[in-house]
Amino acid sequence: MTSINEQPIPAARPVIGEDEIEAAVRVLRSGRVVQGPEVAAFEEGFSRLVDGRHCVAVNSGTSALHLLLLALGIGPGDEVIVPSFSFAASANAVRLVGADVVFADIEPGSFGLDPAAVEAAITPRTAAIMPVHLYGHPAAMDKLMPIAEKHKLAVVEDACQAHAAALNGTPVGAFGAGGTFSFYPTKNMHSLEGGMVSTADAELARTLRLLRNQGMEQRYANEIVGANMRMTDVSAAVGRVQLAKLEGWTEQRRANAAYLDAHITAPNVITPPVAEGARHIYHQYTVRIQGDRDAAMARLTKAGVGNAVYYPTPIHRLKPYWEPDQKAGRTWDLPETEKAAAEVVSLPVHPSLTEGDLARIVTAVNSLGESL
């Protein structure tokens, strides 16, 4: 139970400090507030995280996914292979361009797409594979990229939770045709709200810039049909401040995760494994609970330890996907997805944790013992 003098430890703690406030005020006072020099500077700075790829800033991670699919020409008649164990935005972006979602199962360790399941899901209509680097752990890109190359498929990386994660030295967002990132306030870095697309293809980058700005590069000279998915300079200024702090925050998250790995000993709690060659940046520190998860979460909450389930319902069981599949008589065999959704719990790992917080988390988790 939480002591009267102890505050609950939040599962996540967005950072909005004086540096971020000063940056936002500076831009507001400048009068140049939408897709101006701050956005360009943010794009240039972020490109260093993705091996110097072209970067295109937009207003959300979902917009990043949506526009990348559009820019690649994916639409009606196409299929995109997506994990069901992810946030709904991964699949929603596919539906928004009119393509069909094909769900494939995940690996139990990384929670990323299982390469064997992906290969089995490929049909003549498959146009792309969308690996999700869930919780900040890179998907098995070393195995997924050869599959995509063999079948001539685009790879759209959903790296919305994985800023600065890497596999065998290559950063996420630098493997496929394009990578997408989110700057929502609870991410490892944020811009209040926003997103980014990375790509090595200069023409694709130009198409993305057109799509985010009503299809025009020069005012009133519309070249294609586009939308308004621009990032504001206020958001970009905040993002630039956060980007400068990202590496320090990432190392603190990794240190916090290492402490939890070393000290959690409850036999019914499985700590997150890390694949060989992977740089996990711990957007979430996600354990598996063997036993009554609801009871475990209630006890953690009573002890003042924030916790959450990401995600309790796989996408294929959400109403917009489940009902059409039921009508079509379509079913998905995703045992690892179903198991993960029933077992996962994310614990605090954010860089604001103190040594005392970490000790309290460990004590609360280990007190679960074998009684669940």
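The conversation below moves from the whole protein to single residues.

Visitor: How many helices and strands are there in the protein?

Guide: The model before us is a predicted one. Its secondary structure is of both kinds, and the count is 12 helices and 13 strands.

Visitor: What radius of gyration does the protein have, and how does it stand against the globule rule?
Guide: For 372 residues the globule rule gives 21 Å. The value for the protein is close to that, so the protein is as compact as a globular protein of that length. Its radius of gyration is 21 Å.

Visitor: What box do the C-alpha atoms fill along the principal axes?
Guide: The box is taken along the principal axes of the protein, and the C-alpha atoms fill it. Its dimensions are roughly 65 × 55 × 35 Å.

Visitor: What percentage of the residues in the protein is buried?
Guide: A residue is called buried when its relative accessible area is under 20%. Among the 372 residues of the protein, the buried share is 55%.

Visitor: Among contacts between residues at least 6 apart in sequence, what percentage joins residues at least 24 apart?
Guide: Contact here means heavy atoms within 4.5 Å. Of the contacts between residues at least 6 apart in sequence, the share that joins residues at least 24 apart is 72%.

Visitor: How far apart do the centres of the positive and negative side chains lie?
Guide: The protein has 32 positive side chains and 41 negative ones.

Visitor: Where on helix H2 do its buried residues lie?
Guide: Helix H2 covers residues 37-46, and its buried residues are Glu38, Val39, Phe42, Glu43, Gly45 and Phe46. Seen down the axis of H2, these residues fall within an arc of 165°, so they line one face of the helix.

Visitor: Which helices do the buried residues of H2 pack against?
Guide: The packing partners include strands, namely S1 (54-58), S8 (178-182) and S9 (195-199). The helices among the partners are H1 (18-30), H7 (202-212) and H8 (233-263).

Visitor: Is Gly52 buried or exposed?
Guide: Gly52 has its place in the loop between H2 and S1. Exposed means a relative accessible area over 50%. Because its relative accessibility is 55%, Gly52 counts as exposed.

Visitor: Which residues does Pro273 touch, not counting residues up to four places away in sequence?
Guide: Pro273 is in the loop between strand S10 (269-270) and strand S11 (278-279). With a relative accessible area of 43%, Pro273 is partly exposed. Not counting residues up to four places away in sequence, Pro273 touches Gly109 and His137.

Visitor: Which residues does a cis peptide bond join?
Guide: One of the two residues, Tyr311, is found in the loop between helix H9 (293-302) and helix H10 (319-328). The omega of the bond is about 15°, and the residues joined by this cis peptide bond are Tyr310 and Tyr311.

Visitor: Is Ala164 buried or exposed?
Guide: Ala164 is found in the loop between strand S5 (154-158) and strand S6 (166-167). Although Ala164 is not a glycine, its phi is positive, about 80°. The relative accessibility of Ala164 is 13%, so Ala164 counts as buried.

Visitor: What is the relative accessible area of Asn168?
Guide: Asn168 is found in the loop between S6 and strand S7 (170-171). Asn168 is not a glycine, yet it has a positive phi of about 50°. Asn168 is exposed, and its relative accessible area is 53%.

Notes:
Residues are numbered from 1 along each chain as its sequence is written. This is a predicted model: local features need pLDDT of at least 70, side-chain atom pairs count only at pLDDT 80 or more; totals for chains, interfaces and linings use all residues. Side-chain values use heavy atoms; hydrogens and water are left out. Helices (H or I, at least four residues) and strands (E, at least two) are DSSP runs, numbered from the N terminus. The radius of gyration is taken over C-alpha atoms; the globule rule is 2.2 Å times the number of residues to the power 0.38. Buried means under 20% relative accessible area, exposed over 50%, partly exposed in between (1.4 Å probe, protein chains only). Lys and Arg count as positive and Asp and Glu as negative; His and the chain ends are not counted. The place of a charge is taken as NZ of Lys, CZ of Arg, CG of Asp or CD of Glu. The arc is that of the directions from the helix axis to the C-beta atoms.
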